[in-house]
Amino acid sequence: MERARPFLSRRRLLGAAALAAVPYALSPGTRAGAQAQAVDYPAAEWVPASTSNYTASNRPTSYRLNYVIIHVTQETYPDTLSIFQNPQKKVSAHYVVRSSDGHVAQCVRERDVAWHAGNWDYNTRSIGIEHEGWVDQPAYFTDAMYEQSAKLTAAVCDKYGIPKDRAHILGHYQVPGSDHTDPGPNWDWIRYIRLVNFA
């Protein structure tokens, strides 16, 4: 007598393949390793901007890095990331800092030129850091945001030999030709520069 062969449907095969992949996909070592290779700042999460929104480069060889430029998004954190991922927007920054907990997303590699300053010369010579919130809503500028952003700025300054002072850590409003006002009058520059220097 001939034995009946087990029936393997396409659904069963795909389900088995998906289950087999789960341990690999959830493995912390695999995800952490890939994450560590993608970011320049170890505490950041890699959330890449569209390649249409920045210029590939080889900084600091192609351009010397002289500045960190501080921005405020005028958007929520997730909306800012979506804007940077939209190839029609033609804007990006290297980093975005979330208000609630200071979580940092890296959107553009430091070697590349993000389009954040509204001035090509300053774009080529700076790292742009966006902060979730609105210039007229100081509640967005939380302790966690200040502290984590200051650690990020200190790391960038240390890496590229940028002085940790107001002549080199600029507000977007200080960029020549800019019509922006961020980070605005509610940004505590004295506190921020102090945190950067003690980070």
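This briefing looks at salt bridges in the structure above. The model is predicted, so local features need pLDDT of at least 70 and side-chain atom pairs count only at pLDDT 80 or more, while totals for chains, interfaces and linings use all residues. Residues are numbered from 1 along each chain as its sequence is written, and side-chain values use heavy atoms, with hydrogens and water left out.

- Side chains of opposite charge can pair when their charged atoms come close.
- A salt bridge here is a side-chain nitrogen of Lys or Arg within 4 Å of a carboxyl oxygen of Asp or Glu.

**Arginine 109 and aspartate 40**

- These two side chains meet in a salt bridge, at 2.9 Å from N to O.
- Arginine 109 sits in the loop between strand 5 (104-106) and strand 6 (113-114), and aspartate 40 in the loop between helix 2 (28-38) and strand 1 (45-46), so the pair ties together parts that are 69 residues apart in sequence.
- Helices (H or I, at least four residues) and strands (E, at least two) are DSSP runs, numbered from the N terminus.
- Arginine 109 counts as buried, with 19% relative accessibility, whereas aspartate 40 is partly exposed at 22%.
- Buried means under 20% relative accessible area, exposed over 50%, and partly exposed in between (1.4 Å probe, protein chains only).

**Two further pairs**

- Aspartate 101 and arginine 98 form a salt bridge of 2.8 Å, N to O.
- Both partners are partly exposed: aspartate 101 at 37% and arginine 98 at 24%.
- Aspartate 121 pairs with arginine 125 in a salt bridge, their closest N and O atoms being 2.8 Å apart.
- Aspartate 121 is partly exposed, at 38% relative accessibility.
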